[in-house]
Amino acid sequence: MKKLYFTAITLAITLSSQVSANDENRHRLGVGYSTTDAEVMGLSFGYGDGIKLEYGYDANKYLSAHISYEKNDEGLLRGDTMKLGGDAGYTFYGENVSIKPFISGGIYLYEENFYDDSGIYFGFGARASYKNFYADVRQEFFDMKDQGVSVDIDQFSFTIGLKI
């Protein structure tokens, strides 16, 4: 698995030096930090911290699509989340710099050691870019029904990566 990460990062660095700083029609590869919290019947608890892997595509200065994987682990509690979605916002450009506040949404597949679920998520965040590098911070939410009990999931992530 480490060889796969190394190969992907090496390829991204090589390709990123050959493209312009324009954010439109660009692919993104990123890795980052994720944390998941849950609330059940008024009680909050953490599902722990973990890694996030992300692939994204910026179609224009307004719309982007992404697929991501988040793995969170806290002792007995473990959660894996796969998301396919997009974000909408407006990209503000400067010289070699851009920032895009956005709202996000899409579908999720969630699996933990006690329960699996899928559905729709929503959230908000911002992505800042400098030349071929980016940082993305987002807060996303979804609701599950675990054996008839409503579970509110709250995920925060911070991703850094390359535009290729």
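Select K83 and E70 to begin: in this predicted model their side chains meet in a salt bridge at 3.2 Å, N to O, the term being used for a side-chain nitrogen of Lys or Arg within 4 Å of a carboxyl oxygen of Asp or Glu. K83 lies in strand 4 (residues 77–89) and E70 in strand 3 (residues 63–74), so the pair ties together parts that are 13 residues apart in sequence; strands here are DSSP runs of E with at least two residues, numbered from the N terminus. K83 is buried, with a relative accessible area of 1%, and E70 is buried with a value of 1%, where buried means under 20%, exposed over 50% and partly exposed in between, for a 1.4 Å probe and protein chains only.

Residues are numbered from 1 along each chain as its sequence is written, and side-chain values use heavy atoms, without hydrogens and water. Because the model is predicted, local features need pLDDT of at least 70 and side-chain atom pairs count only at pLDDT 80 or more, while totals for chains, interfaces and linings use all residues.

Next, select R127 and D58, whose side chains form a salt bridge at 3.5 Å, N to O. This pair links R127 in strand 7 (residues 116–130) with D58 in strand 2 (residues 43–58), 69 residues apart.

Technical notes: Helix = DSSP H or I, 4+ residues; strand = E, 2+ residues; numbered from the N terminus.
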